[in-house]
Amino acid sequence: MIRCLLRRGAIVAVAVGVAACGSSSPSVTPSTSSSAQTTVLPGTGRPPVTIGDKNFTEQFVLGELYYEALKAQGFSVALNRNIGPSEVTMQALQSGRLGMYPEYIDTWNSAIAGDQRSFHTLRSAYAAGEQYALAHGLKLLEPTPFSDIDAIGVGLDYAVQNGLSTIRDLRKVEQTLTFGAPPQFQQEQNGLPALEQAYGFMPVAFKPLEIGGQYQALNQGAVQAADVNTTDGQLTTGSYVLLKDPLKVLGWGNVVPVVSAQVLQAEGPAFAATINRVSALLTLQAIRQLNAAVDLSGEDPAAVAGQFLAAHGLVPAGTS
């Protein structure tokens with residue numbers, strides 16, 4: 001699976017977390033001293049804290065979003081843009097050397113917690129991940145509205161011509177269907193074999209593709225359907241359709257910031273509240289646009305994050 005290959009390879013990190021879905025967040029509004037009339041930010045005087053992200057576009061953007069929002073609330077925060085492998089990350093979280101990083105709930109459950117179950121709802125996936133986190137001195141904060149998972153993409157014209165809206169509809173075109181994906185997706189337990197079994201289709205051919213080459217292959221007609229990711233910036237163009245996965249074979253990819261319980265206590269309630277406030281803004285449309293700005297327009301992740309936060313009033317205008 002595309003993004004999962006990045007998540008679980010050398011850059012796979014560990015995670016854990018905090019508040020349950022839908023929980024309320026404490027205020028992060030700065031207070032004003034009546035005597036001196038000076039603004040006191042909620043992070044003022046709190047211990048220095050390091051947050052991290054993994055090394056691909058979406059994670060760079062997420063890291064900058066959380067970093068800049070926390071800094072604007074007065075926290076003494078540093079950003080580690082390549083947090084390293086799982087075992088190192090877990091040790092850093094539990095020791096307090098690393099305070100927080102954004103993880104995907106499916107990666108957390110399967111790669112970190114070793115839980116290979118399929119979850120029919122985000123709530124059940126989150127509950128399982130939270131249980132593991134709490135047992136290891138960690139907490140999962142609130143999940144993002146967006147879910148970054150593998151998806152089956154087809155060209156818009158092809159979808160309209162063949163009446164395709166769900167993965168099951170691929171049965172209509174299976175006799176002429178060439179499916180494109182990174183080679184691992186053809187053999188991955190939760191990849192193409194799982195989709196074929198669940199939805200009852202069988203492509204006539206499989207074409208191995210390099211990560212990132214799926215959209216070009218679709219455009220050129222080399223494949224008619226391809227394994228892509230739900231948050232790819234290319235999906236902002238309107239040229240592609242993602243086929244629905246009603247059985248949730250491809251799982252849940254909502255981001256859950258993983259935080260050390262030790263750090264949460266030291267930083268106070270505004271730390272988690274600030275992170276949750278950022279996460280709540282990250283709809284599927286928003287994260288696609290942020291990814292597109294970096295991958296398609298070549299903008300810097302820090303500048304993209306600063307503009308987004310400023311537009312939503314979380315940092316002063318011009319922050320980057």
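In helix α3 (residues 86-95), the residues S86, T89, M90, A92 and L93 are buried, buried meaning under 20% relative accessible area, exposed over 50% and partly exposed in between (1.4 Å probe, protein chains only). These residues cover an arc of only 165° around the axis and therefore lie on the same side of α3; the arc is that of the directions from the helix axis to the C-beta atoms. E87 and Q91, on the other side of α3, are exposed. The cover over the buried residues of α3 includes β5, α4 (105-112), α5 (122-135), β6 (138-140) and β12. Just after α3, G96 adopts a positive phi of about 95°. Helices (H or I, at least four residues) and strands (E, at least two) are DSSP runs, numbered from the N terminus.

The model is predicted: local features need pLDDT of at least 70 and side-chain atom pairs count only at pLDDT 80 or more, whereas totals for chains, interfaces and linings use all residues. Residues are numbered from 1 along each chain as its sequence is written, and side-chain values use heavy atoms, with hydrogens and water left out.

Strand β5 (residues 100-104) is largely enclosed by the rest of the structure, because five of its five residues are buried. M100, P102 and Y104 point one way from β5, and Y101 and E103 point the other way. Strand β5 runs antiparallel to strand β12 (residues 255-260), to which five bridges join it; within this pairing, E103 stands opposite V256. Two strands are taken to pair if DSSP finds at least two bridges between them.

The largest nonpolar core has 38 residues, of which I51, L65, Y66 and F271 touch the most other members. Such a core is a set of buried Ala, Val, Leu, Ile, Met, Phe, Trp, Tyr and Cys residues joined through side-chain atoms within 4.5 Å. Helix α2 (residues 57-72) supplies the largest share of this core, seven residues. Leaving aside neighbours within four places in sequence, the contacts of Y66 (heavy atoms within 4.5 Å) include I51, M100, P102, V255 and P257. Another core, of 21 residues, lies apart from the largest one and has I152, V154, F179 and A181 among its members.

An open sheet is formed by five strands in the order β9-β8-β10-β7-β11, with mixed pairing. Its edge strands, β9 (205-208) and β11 (240-243), each pair on one side only. Strands β7 (residues 150-155) and β10 (residues 225-229) run antiparallel and are joined by four bridges, and A151 has V228 of β10 as its bridge partner.
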